[in-house]
Amino acid sequence: MKKILIACAHPDDEVLGMPGTIASLASSGCNVYVLHCFEGSTSRAFTNTSFPLNEDTHSQVAIAERINLSVQCGQILGYEVLEPLHLPNFRSSVEDKLFLNSHIASIIDKLSIDTVFTHFNSDLNSDHCIVSDSVRVATRPLSQPAPSVFEFEVLSTTEYSYKSQFLPNYFCSIGMQLSKVQQAISIYNLEMRPLPHPRNYDSYRSRARLRGSLCGCNYAEGFATVRHLLPLA
Ligand SMILES: [Zn+2]
């Protein structure tokens, strides 16, 4: 695991999903790249569906701000933000999905990615599921060793699937990274909500405790393995 792509839907998903693992991988010398596929702001900013949601000034400023926050988190956790795609939230077309499939495949090829992390395939958030589907298409094993693929969970969407439970079977101990995680989550302060809402540092820490109890660590993040190729010589 050396060159890692985190394919996520929105700016903040990587920080709500796997910040401790990103920091651990980066500090151990891995190159970690984050791709944001959707714009992340417009669907919440407007309710008038006849309005051209992704072309107004307010939305453009909000989108740029969210990407900027992700860049700041990248400096704390140690990842590089790739050129975002700005697909429209919750309104993607068949053409958008086809574009996403080929774009992710081209990044994997261009950067020689060996491991991809993406969303849980039965997440409540439909944008998350679209990205997860595209990763599965883009990482099909063809003529060369396919990248390993793991799914991560995102606070306040994955657990709300209820009947489709996320079942982690691959773990990363993140106790040493908690201060960086807290810093990164605080960057997205406006996105956080007070308890008992799950989107906050306290909930993240509780989840890390729970995941740690599944693998004998004080704190951990858990992943669901889609495919893992043992790196034997
Ligand atoms: Zn998201």
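A: In this predicted model, residues 24 or more positions apart account for 76% of the chain's contacts with a separation of 6 or more. The radius of gyration is 17 Å, which agrees with the value near 17 Å that a compact globule of 233 residues would have. Along the principal axes, the C-alpha atoms fill a box of roughly 55 × 45 × 35 Å. Of the 233 residues, 41% are buried. The chain has 8 helices and 7 strands.

Asp12 is not a glycine, yet its phi is positive, at about 120°. Asp12 counts as buried because it has 25 C-beta neighbours inside 10 Å, and the cut-off for buried is 20 or more.

The loop between strand S5 (148-152) and strand S6 (170-173) contains Ser156. Ser156 is also a residue other than glycine with a positive phi, here near 80°. With 17 C-beta neighbours inside 10 Å, Ser156 counts as partly exposed, since that class lies between the limits of 12 or fewer for exposed and 20 or more for buried.

The loop between helix H7 (178-187) and helix H8 (201-213) includes Pro196. The peptide bond that joins Leu195 to Pro196 is cis, with omega at about 10°.

How values were computed. Residues numbered from 1 in each chain as written. Predicted model: local features only at pLDDT ≥ 70, side-chain atom pairs only at ≥ 80, totals over all residues. Helix = DSSP H or I, 4+ residues; strand = E, 2+ residues; numbered from the N terminus. Rg over C-alpha atoms; globule rule 2.2 N^0.38 Å. Contact = placed C-beta atoms within 7 Å.
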